[in-house]
Amino acid sequence: MNTKYILTLAFAGSAMLSGCKKDYLDTQPSQFTTPDQLGAAAQQDPKLLNGSITGLYTTMFTPGVGGTTGHDDFGHRGVDIYSDMLCSDMVLAALNYGWYAPVARYQATVDFTRNEAYVPWRYLYRQIFGANSIIDILGGNDLVPATAALKVTMGQAKTMRAYGYFYLSQLYAKEYGSGSEKILPIYITADPTKINQPKSTTKEVWDLMVADLTQSITYLEGYTRTTKDQVDKNVAKGLLAYVLAARGTQADWTQVATLTQDIMTAYPMTTAAQLVYNGTNGTTAGFNNIATASWIWGVDLTLAQGINLISWWGQVDQFTYSYAWAGDPKTIDRGLYDAIHADDIRKNQFASPTATSYKLQPINKFFDPARVAGGQRQVITDLVYMRSDEFYLLNAEAKARLGQDASARTALSTFLTPRITDISYLTSLSGQALLNEIYLQTRIELWGEGKSYFAMKRNKATITRGINHLFDAGSSFTYNDPKLTFVIPQAEVLNNPNLNK
Amino acid sequence: MLLLAISLSISHLWAQQRTITGKVTDDKGEPVVNASVVVKGTSVGTITKSDGTYSLSVSENAKILVFSSVNMEPQEVNIGSEGSINTTLKFKNSSLEEVVVVGYSVSTKEAFTGSAKAVKGDALNSKNVSNVSKALAGEVAGVSVINTSGQPGSSATVRIRGLGSVNGNRAPLYVVDGIPYSGNISSINTEDIASVTVLKDAAATSIYGSRGANGVIVITSRSGKGNKSFIEVDGKYGINMASIPRYSILTSPEEYIGLSWEALYNEGVKVGNSNPTNYANTRLFSANGISPNNNIWNAATGAELIDPVTRTVKPGVTRKYDPERWEDYAFESSNRIEANLKMGGGDAKTNYYSSFGYLKDVGYSINTDFERLSARLSLNHEVKPWLASSFSFNYANTETNNNGQGSSSNSVFWFVDNIPSIYPLFLRDASGNKVADPIFGGYQYDYGSTGRKFGSLTNAIADANYNTSLSKRNELTGNASLTAKFTKDLSWENRFGVQYYNAAGYTRNNKFYGSAAGQNGSISQSKNELTNLNFLSMLRYAHRFTSHNIEVLAAHEATKFKEIISSASGYNLVDNYSLELANAIVKNPTSNSYTNTNRLESYFAQFNYDYTGTYYLSGTVRRDGSSRFLGDNQWGTFGSVGLGWVITKMGFMKNIEFIDYLKLKASYGTIGDQVGGGSYYPALTSISIGNLNNLPSFGIPVPNFPDLTWEKSKMFQVGADFRLGTFLTGTVEYYLKNTDNLIFQRRVGPSNGYALLTVNDGQLRNQGIEFDLTGHILKGKSYYLDLGINGEHFKNKITTMPIDPSTSKQKAIDVQAPYGWAVGHSIFDFYIRNFAGVDPADGTSTWTVYYDDANGNKVYNAGEEVLDLEAFYSSNPDKKGALFTSTTKDYTKATQYYIGKSAIPDVRGAFNLSGGFKGLELNVQLLYSFGGYSYDYLYAGLMANGLIGGNNWSTDIRKRWQKPGDITDVPRLSNNADVNVASTSSRFITKANYLALNNIRLGYNLPSSLLQKVPGIQQASLWVSGDNLWLHSERQGFNPATDEAGETNTYRYSPLSTVTVGLKLKF
């Protein structure tokens, strides 16, 4: 009998008590981290704090950040493909798997149920939320950070917030207009009690962007970044130039001229040798390398990021194992191609319309250096977000808009000299013709870089689709046609009851 | 002592002996052999002889004789003065007496106050499926078994009593031998299962507290208890095939190309081309049509190929070659082999059961199979009269090949159903000859690199042949317990359970063809290691007073779940076949590992009471703490009460002859679900960890709701178990289950930076009635015929939507295409644009539009449309009933609204027919579902109007609009010039009624006369069995039983059909 009680007491002791420690139910994740875990780790290693701001940059190229599993959902450059197609310079030249078809046919822009209308909205507001989270941690919008390092973080966060609002303002609003149109909800904090904001006016949105960027430029003064994926003073200046140009008052253009001049001083143009693959310069030419001196903002993709099929390179590059190669090629609009002078080296960036393969594809502008069709399986070719040439052209445009045609012509000539053999035709251009030429050169130079759409809008242009478009070939659309700007997606309309208040 | 012995002997001497004789028969008049005849209260007795007669010498003062026999109701007879007593014994209603394993104790169907349906292992094993989840189909009313894949070894999705949550978990809890189970259901050999009990109501499930809300499936393994030593051997051989027909699709390349031409012609008309015939002729084989490389005819242009009047291929045009039918190379009949060896036995103190099983189940789709080697040992031993130990151990080694099943161009099923019949499987040279493959032999597959407009640059069949998609698993489930008995009534059980598995998944893409050819082949591995430990300590007191019976238990349980997940990959292979990373010259720097943990701590108690076997009462309370939640939200309390009343034991029922048995029962309780948060840490804000320039990069926080906790269900049930005469037994139950604090993904405007927050809000109601009836149509000495029908009718309704904090009001509508969630609607009510037919004038689609007639002209004008009816009514309540309807040809202007159809059926269940004649047994099981609607996505894809060459069509495309005046509901083909033809709309909502022959089995038990000639063999049976042989549904190929809402999916591996022969011998 004694043994029996001793044994059972032993069970009782071991089994009953085993689960009863107070912290038994407190478990920590390891697949991801949490604010608490990260805070604790940063106490030991303060360098970790930089990781939050770089998270915004990683978000720029991560698949799925637009809230879908679509293979067209991969952040910044994914949005660029949408806008390049909306302004028609990028043609979806064949349909196989069918990504982008609703954009290319202008179905997605007018249909609030489409994922394509949702993805940029979700992605860009995610960036804004990320930036706001950091701004909140730093002490809020109005706090002047105490140290230079904190100022840099604040400047980067506010630039990224302005970046988000600028792209939203372009994709979801037709134009600046009178400034009183209600276009977008504004959030300047991640505070969960301030959710579901109503739409603000264009003026309010622009005022916020200008204020954020102006302050960021000050905060980022003297900051030297270690890699080009980070925002620095020149990135902020570039964005501010676009923001102001999109509003387009004379005062704005004056400031644009100054801002672009600053950038031109800081960065050289892309060289003729870098512009186009000529059969031998595969490792040095092409827009695939972050080290290119003219690149202001971009990212060095490495194997560590595991970028694959779902990427800008996958969708556009024939030499990457993905959709462009597998039957959904992206090509230049035939009309735009035809408008490139025969003696313009940039004409060679594209396969000729009579080539046996890759017709009108940008195979000599964007390519994996190995140049094997469908070859690049894991994407390590780099992404360009912003380069100096944009501002050489915008500088010319600003001057033309300010009525300084001669200076504008000079700026344009300087830019085109390495590109076009005979630029004598420029001398005869002035006024609207000069602006048209700058607009055309902007479209040519920046094909596939997500910038032509902004140029179309600020030039209030009408585009005519070339004959190689699968849809609406030959039709014309004005910049403010409802088809050229996305409607606010259904998910917002359904789930933000304050939207129109 | 001496005195006592003397007095006993005296009493013996005083008693006078007399002899009683008689005969015991059953209710058919047949003699009962070996029935026991005992004087009540003594050990004096005898057994009946082969003719049922007995002779017993009893003392004068003996008052009562008790007659009893196996499977028969005992009978007590007063001993009168007569010397002969004959009696009739009735067969027991075995289902009432049978022991049912419920939660942490055992009961009988009669004594249990909740809803528990036990299914015997034999019923499960008559089906040839590799795991118990699929075998449950049709066995239990209110249990819906959704067979989502034909992949051998895959598990079914099981739903018990409606749809328990909106965004949360709807899956039941599995419990194996008393321990909640986190392992793989497919690692349990169904031959080792003694029984499965499905617990449905709160009285039955509340003992599982936070995990019981969606029902519990209790699996009990076989043991050697009560057996003489035995050896059981069985072998099964079967054929797996795809015998349920697939969708009816176009198979003639000529028909396909004719329709393609017609589509171009209509496009020409639509774009205003002056010569549509020429438009089609010149485009048919061009960049704007089908690639000239895919022209299989000896005709260079559309003009040469197509007769513009008949729009078909001109007579006399020949082919360069005949493209293969892809299905012929994708699917083939295959084998299923299973063998089991079981041994067991025991005596009063010790019993054991051991088994070895082998299963190789090869699917009909190429390179898909499941192989399992399993072993089991269970040992129970009474160490001391006061101490019992039990130990069981299950090991399974499984290997699954599941090629060709991605939701991508890697899918064999997508290719088979959708590729236009003009495209060959094998590559052709310029003259149409197949091209030899120098690497693998045979012919090279066509990867579509020359302009194939379907799945270009891939070939799923080649991939399934040349690549590897394999998972291997070693899985161990162990269970040890010690039970100490303090007294006859009081015991203390301590149990330790472990589930462990180590699983490795391998993906290999070959060096030479397909996606990794550019990398010279690639491999990736993922490894999962699970350790789930469970500790239980339980005190149990049970005592029978004269007419009161009490059982009380109290317990503490702790669960520790830990899964380690790691992955690594590489490319540039040395050997084309080796799956190890050493074989990859380049390793990717994306390798990763992490751990998921989950802990649960519980205290619970239960009380069961009955009075004279007539009134039953049970009560349960359980308090659970879960690591999924934070702080005060970790702990929740659940409980239930149940009542049972066996009315037929009441005196007043004695006169009602036809009711043999009637029990009423009722229960109420609360149960929870904690899994629904979606992750192991659903209350924590998560921040992803990334790499940018080899420095840390933390993702944008994904906010979570820190106050998250369980969703809680309150379930009420009433039911009756009854037996009418010898003809009908049955159970009818009604339940009402309100779930509140729903784990709901509350949507916010995505402009907030996040799209949803997982919160506790909203309420959902499920209510239903379930019936399980068995009619004993024929019953004789050598034959019987039973017909069973079970089924359920249920309603599912959202009664409260989550509050939108920015308005403090409930959300009007949460559109979850093709469904919409709103108060008063089920989670599967279609909220969709209504297809209003085809305009006979031009063959284009029309959709219904609700419009607010602003200008009062009674005509729909652009801008007057209402896009989202519920949201509109919510903000314009005065407009209810004031809107008009019309039709529009612009899909984006059509109204989304509740069209009055739901994916929830009116009734579903099964018919079970079982009959026997002498040694022959026949069982037939039919599954049925009536009254619901489902979205047929696969069919929508086959009825689309995409670019020609891009997809095959259903044969229903023959009904398309062709010329003005055609009345049809299939719009014209126009090479995608008409948009949204196949976009989500009511057009593809299909009646989901079905009737399926799930299992038919004919068995033969060899008669004992024959067996006696073979010494040693106690029992021998052989059978032939067919599974999933026939399906009737609204449309050929449409199988709504493969999805919770009946939706179809072009990537789905349709369940396979199996015909098996088997032999079982017992020594």
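Mentor: Let us start with one pair of residues: B:Thr25 stands opposite B:Thr88 in β7(B). Please keep in mind that this is a predicted model, in which local features need pLDDT of at least 70 and side-chain atom pairs count only at pLDDT 80 or more, while totals for chains, interfaces and linings use all residues. Residues are numbered from 1 along each chain as its sequence is written, chains are lettered from A and ligands numbered from 1 in the order in which they are written, and side-chain values use heavy atoms, with hydrogens and water left out.

Trainee: In which sense do strand β1 and β7(B) pair, and over how many bridges?

Mentor: In general, strands of a sheet pair through backbone hydrogen bonds, either parallel or antiparallel. Here strand β1 (residues 17-26) of chain B pairs with β7(B) in the parallel sense over 3 bridges, where strands are DSSP runs of E with at least two residues, helices are runs of H or I with at least four, both numbered from the N terminus, and two strands pair if DSSP finds at least two bridges between them.

Trainee: What is the order of the open sheet of 3 strands?

Mentor: The order is β4-β1-β7 in chain B, with mixed pairing. Its edge strands, each pairing on one side only, are β4 (53-59) and β7 (87-89) of chain B. From one strand to the next the twist averages 40 degrees, an angle between N-to-C directions that runs from 0 to 180 degrees, with axes as lines fitted to C-alpha atoms.

Trainee: How should I read a salt bridge, and how many are there over all chains?

Mentor: Side chains of opposite charge can pair when their charged atoms come close. The rule asks for a side-chain nitrogen of Lys or Arg within 4 Å of a carboxyl oxygen of Asp or Glu, and by it the count over all chains comes to 76 salt bridges. One of them joins the side chains of B:Arg428 and B:Glu324 at 2.1 Å, N to O. B:Arg428 lies in the loop between α10 (412-418) and α11 (460-466) of chain B and B:Glu324 in the loop between β19 (312-313) and α9 (326-330) of chain B, so the pair ties together parts 104 residues apart in sequence.

Trainee: Are B:Arg428 and B:Glu324 buried or exposed?

Mentor: Both B:Arg428 and B:Glu324 are buried, a word that stands for under 20% relative accessible area, with exposed for over 50% and partly exposed in between (1.4 Å probe, protein chains only). In another salt bridge, A:Lys47 meets A:Asp45 at 3.5 Å, N to O; A:Lys47 is exposed at 65%, whereas A:Asp45 is partly exposed at 27%.

Trainee: How many residues does the contact take from chain B and from chain A?

Mentor: With contact meaning heavy atoms within 4.5 Å, chain B gives 87 residues and chain A gives 83 residues. The two chains bury about 7100 Å² between them, 60% of it on carbon and sulfur atoms; buried area is the accessible area (1.4 Å probe) that two parts lose on being put together, summed over both. In chain B, the residues that lose the most area to chain A are B:Phe698, B:Ile700 and B:Ser751, together 10% of what that side buries.

Trainee: How many salt bridges are counted between chain B and chain A?

Mentor: That count is 0 salt bridges. Among the elements on the side of chain B that touches chain A, β29(B) gives the most, with 7 residues.
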